[in-house]
Amino acid sequence: MEFNPLSPEFRSNPYPFYNLLHQHAPIFYWDQWKFYFLSRYEDCAALLRDDRLGRGSFDESEVPASQIDLIRMQSDWMLLKNPPDHTRLRGLVYKAFTPRMVEQLRATIQTITDTLLDKVQAQGEMDLIADLAYPLPVTVIAEMLGIPQADQDRFHEWSNALAATLDLTEDAAVYDRASQAAATFTDYLAELAAERRRHPQHDLLSALVSVEEAGDYLTMNELYATSSLLFVAGHETTINLIGNGMLALLRHPDQFELLKHEQGLVKTAVEEFLRYDSPVQMTARIVLEEMEYGGYTFPRGAQVAFLLGAANHDPERFEKPGQLDIARQKNQHLSFGGGIHYCLGAPLARLEGEIAFTTLLRRLPQLRLAIDTPEYIDNYLLRGLKSLPLTF
Ligand code: HEM
């Protein structure tokens, strides 16, 4: 078995490769891309918090014209920035995502979940992805931002195109497509922001507009970038918590029965789904200053990839990592990252997951897989299913 993160074998099932990395090369240098891949929990946890690693800078002059709009948007994503800009951008929105603020969305999330299930309940079958896992988080984040319902469908393609650039890929078409999406997305947000300037509402976009108006604290480009990042992050991740989690649960009927009868386990179950088949399998950083680590010298400018899905299956950290245990204790997985970029939306994702699983098991207790081997989307970094047909 050869480690190549671009190979179809790796992308369709990375877990056997993770086992090999743990055993033989916990720090693996991949010559083809000059990347150091980290697979051990301890290494990932330590280096995610190490400020000798960070994000690279963007240089528009090195980018083809067909990708300028993408670079312009992503260069102001907090996800891809270092302090102090990262700190400032995160500070502007973090209050909306604290566990206390998010808890206030409980009734809204429950209503959205119930409305979505009402549409399929009588049919006896559903595609979990199209009918719930996708529309639930999308509707929630769109409502938080204040994007009118009528426009929400148009966002699917834009968001998908942008998310594709987060994967490991050398395909220029992926970046060109994303750049077109970024341009259209920006135009749309510009119009909506102008509308909110005239008629402020109780939503995140209006809040950001008022910050921008107050002075030089937030530029217009940062406003578009922040809104689009929240939109993409809210779109492309929680979908996979619900999809991958349900697939795992249905493949372990004892765990399914356990959760059905002991709904109090839903919090630990959600943590276990996040660990067991992680929605975000990898993140990366650049070495900002030369450093020694684990017997290696990482030169300045080198790329370090954190295999979060591998760290979450590290036998030195997790007992029987290949086993799904919805009551697992001491389950501090790295599915939301670590350090300064730790997922801002984690409390929201957790609450959405909790409500989705509780409601599904309560309303559709006879859920079964309708096919044996559902297909995964073609994105290694964001691991998720294309569809998940179920009967009930
Ligand atoms: C199960 C669902 C989710 C997973 C697994 C997840 C995972 C992650 C991970 C691993 C990171 C860190 C990436 C890195 O260090 O490079 C991250 C960052 C982030 N996530 Fe999430 N996420 C989820 C849901 C959400 C939601 C619902 C939102 C908001 C609507 C969100 C917003 C963000 C933002 C804004 C960042 C960047 C934070 C920063 O740079 O400081 N995420 N997420």
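Hi everyone, let me start with a crossing: helices α7 and α18 cross in a right-handed way. A crossing counts as right-handed if the near helix is turned clockwise from the far one by less than a right angle, and as left-handed if anticlockwise. The contact brings together Arg-106, Ile-109, Gln-110, Thr-113, Asp-114, Leu-117 and Gln-121 of α7 with Leu-351, Glu-352, Ile-355, Ala-356, Thr-359 and Arg-363 of α18. Contact here means C-beta atoms, placed from the backbone, within 7 Å. By class, the residues in this contact are five nonpolar, four polar and four charged. For the classes, Ala, Val, Leu, Ile, Met, Phe, Trp, Tyr, Cys and Pro are nonpolar, Asp, Glu, Lys and Arg are charged, and the others, Gly among them, are polar.

Before going on, a word on what we are looking at. This is a predicted model, where local features need pLDDT of at least 70 and side-chain atom pairs count only at pLDDT 80 or more, while totals for chains, interfaces and linings use all residues. Residues are numbered from 1 along each chain as its sequence is written. Helices (H or I, at least four residues) and strands (E, at least two) are DSSP runs, numbered from the N terminus.

Back to the geometry. Helix α7, residues 106-121, packs against α18 at an angle of about 40°, and the axes are 10 Å apart. That makes the pair oblique, since angles under 35 degrees count as roughly parallel, over 145 as roughly antiparallel, 65 to 115 as roughly perpendicular and the rest as oblique. The axes are lines fitted to C-alpha atoms, for helices over the stretch in contact, with angles from 0 to 180 degrees between N-to-C directions.

How do the axes of α11 and α13 cross? They come within 10 Å and cross at roughly 110°, with α11 spanning residues 172-198. So α11 is roughly perpendicular to α13. On the α11 side we have Phe-185, Thr-186, Leu-189, Ala-190 and Ala-193, meeting Leu-223, Tyr-224, Ser-227 and Ser-228 in α13. This contact has six nonpolar, three polar and no charged residues.

Helix α13 comes back around the ligand, where it gives the most to the shell, with four residues. Among the 24 residues around the ligand, Ala-233, Gly-234, Gly-337, Cys-343 and Gly-345 come nearest. The shell divides into 15 nonpolar, eight polar and one charged residues.

On to the sheet. It is open, with five strands in the order β1-β2-β8-β5-β3 and mixed pairing. Strands pair if DSSP finds at least two bridges between them. At the edges sit β1 (27-30) and β3 (53-54), each pairing on one side only. Strands β5 (282-287) and β8 (303-307) run antiparallel over five bridges. Across that pair, Arg-285 stands opposite Val-304, and Ala-284 stands opposite Ala-305. β3 and β5 are also antiparallel, joined by two bridges, with Gly-54 partnered by Ile-286.

Last, two backbone details. Most residues other than glycine have a negative phi, and most peptide bonds are trans. Lys-34 has a positive phi, near 55°, and lies in the loop between β1 and β2 (35-38). Pro-83 and Pro-84 are joined by a cis peptide bond, with omega about 5°. Pro-84 is in the loop between α4 (68-74) and α5 (85-93).

Note on methods:
A residue is near a molecule or strand if its C-beta atom, placed from the backbone, lies within 6 Å of it. Two residues are in contact if their C-beta atoms, placed from the backbone, lie within 7 Å.
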